[in-house]
Amino acid sequence: MAVFKLLPCYGEIHARCGKRQAGRKLFMVQLSLSKVSVVMVVLLLFVLATILSSWLSLAIRRGVSIDNSIYTSEKANGAKRTIGRRLLGVLPLHEQKKQEAMNKLEDVLLEPPRAASERSRTYHRRMKYLPDLMGEDSLKSYPRRVFIDVGPWESDGAGWLERTYPTRGQEFEKYERKGNEEEGMSEWMRERVREEEFVVMKAEAEDVEELVKSKAIRLVDELFLECKTKNNTKNKNKKKKKKAYWECLALYGKLRDQGVAVHQWWG
């Protein structure tokens, strides 16, 4: 009888064990499902991170493209002269020589010379002219050579060209632009010269600044820049604003960046 009384207890224990085993199985299934959920969540986060990274990369590239649009435009405009001259039969080596010559120009003076008139000839002699730096036959490559003198009535640009500038036996067409003229300097330039021509100019800072602003300065190959400063006692034109010397240096740097062989002129 005692044995039979234990049977229900055994059955009950067996049932309880079965429930425990079922519970363990259910727990393991739930644990497996939770692992799968974690993996799915990780994969989802990875996909989202990849999409976000691609979107950010695209946005950055677009931003860089926008930021560099001016630089790209400037670079394309700077290449117009080379392309134009190649189409006209000018040797590609010619532009290469010019770029090499630009690196051999005299250094800019960090301070203006104290002498303003006769003694300033010392600074003229230090100039390294573009035809000398480019080679003996460099000017022959151009279909036309032009000299433009922009300045006061008393200046003698044409005489200076004949006396000083290394024309190398080539003929230069000479233009003078004196005093206050109604026609703007940029329009005046575009009507008379072309990009494929060799253009030498002597001008004051005010006229050059207009050409830089309108991009017409790219028509000029070599420029002799006269920048009147506050310390220059020879500046007789009281209407023109005198500049600080650092402003002259800044304009000089802009011209070099535009591919113009610029010289400081102490006339």
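Residues are numbered from 1 along each chain as its sequence is written, and side-chain values use heavy atoms, with hydrogens and water left out. Because the model is predicted, local features need pLDDT of at least 70 and side-chain atom pairs count only at pLDDT 80 or more, whereas totals for chains, interfaces and linings use all residues.

Val-41, Leu-44, Leu-45, Phe-46, Val-47, Leu-48 and Ile-51 together make a nonpolar surface patch of about 700 Å². Patches are built from residues with over 30% relative accessible area and no salt bridge, with like charges joined within 9 Å and nonpolar side chains (Val, Leu, Ile, Met, Phe, Trp, Tyr) within 5 Å; the accessible areas come from the Shrake-Rupley method with a 1.4 Å probe, and for residues only the protein chains shown count as cover. One of the patch residues, Leu-44, is found in helix H1, which spans residues 2–67; helices (H or I, at least four residues) and strands (E, at least two) are DSSP runs numbered from the N terminus. Leu-44 has a relative accessible area of 52% and is therefore exposed, on a scale where buried means under 20%, exposed over 50% and partly exposed in between (1.4 Å probe, protein chains only).

The axes of helix H7 (residues 185–192) and helix H8 (residues 205–214) come within 9 Å and cross at roughly 70°. Met-185, Ser-186, Glu-187, Met-189 and Arg-190 of H7 make the contact with Asp-207, Glu-210, Leu-211 and Ser-214 of H8, contact being taken as heavy atoms within 4.5 Å. The axes themselves are lines fitted to C-alpha atoms, for helices over the stretch in contact, and the angles run from 0 to 180 degrees between N-to-C directions.

With a salt bridge defined as a side-chain nitrogen of Lys or Arg within 4 Å of a carboxyl oxygen of Asp or Glu, the count comes to 11 salt bridges. Among the pairs, Asp-137 and Lys-140 meet through their side chains at 3.7 Å, N to O; Asp-137 is partly exposed at 47% relative accessible area, and Lys-140, at 53%, counts as exposed. A salt bridge also joins Glu-173 to Arg-144, with the closest N and O atoms 2.9 Å apart. Glu-173 lies in strand S2 (residues 173–178) and Arg-144 in the loop between helix H5 (130–134) and strand S1 (145–151), so this pair ties together parts that are 29 residues apart in sequence. Within the pair, Glu-173 is partly exposed with a relative accessible area of 36%, whereas Arg-144 counts as buried at 14%.

Lys-243 and Glu-209 likewise form a salt bridge, their closest N and O atoms being 2.9 Å apart. The pair links distant parts of the chain, 34 residues apart, with Lys-243 in the loop between strand S4 (222–226) and helix H9 (245–257) and Glu-209 in helix H8. Lys-243 counts as buried at 12% relative accessibility, while Glu-209 is partly exposed at 32%.

Arg-168 is placed in the loop between H6 and S2, is partly exposed with a relative accessible area of 28%, and has a phi near 55°, a positive value in a residue other than glycine. Most residues other than glycine have a negative phi. Lys-215, in the loop between H8 and S4, also has a positive phi, of about 70°, although it is not a glycine; Lys-215 is partly exposed at 34% relative accessible area.

Thr-167 is placed in the loop between helix H6 (157–163) and S2 and is buried, with a relative accessible area of 18%. Not counting residues up to four places away in sequence, Thr-167 touches Leu-139, Leu-161 and Phe-172. Asp-156, in the loop between S1 and H6, is partly exposed at 43% relative accessible area. Leaving aside neighbours within four places in sequence, Asp-156 is in contact with Asp-149 and Arg-163, and the C-alpha atoms of Asp-156 and Glu-176, 20 residues apart along the chain, are separated by 9.4 Å.
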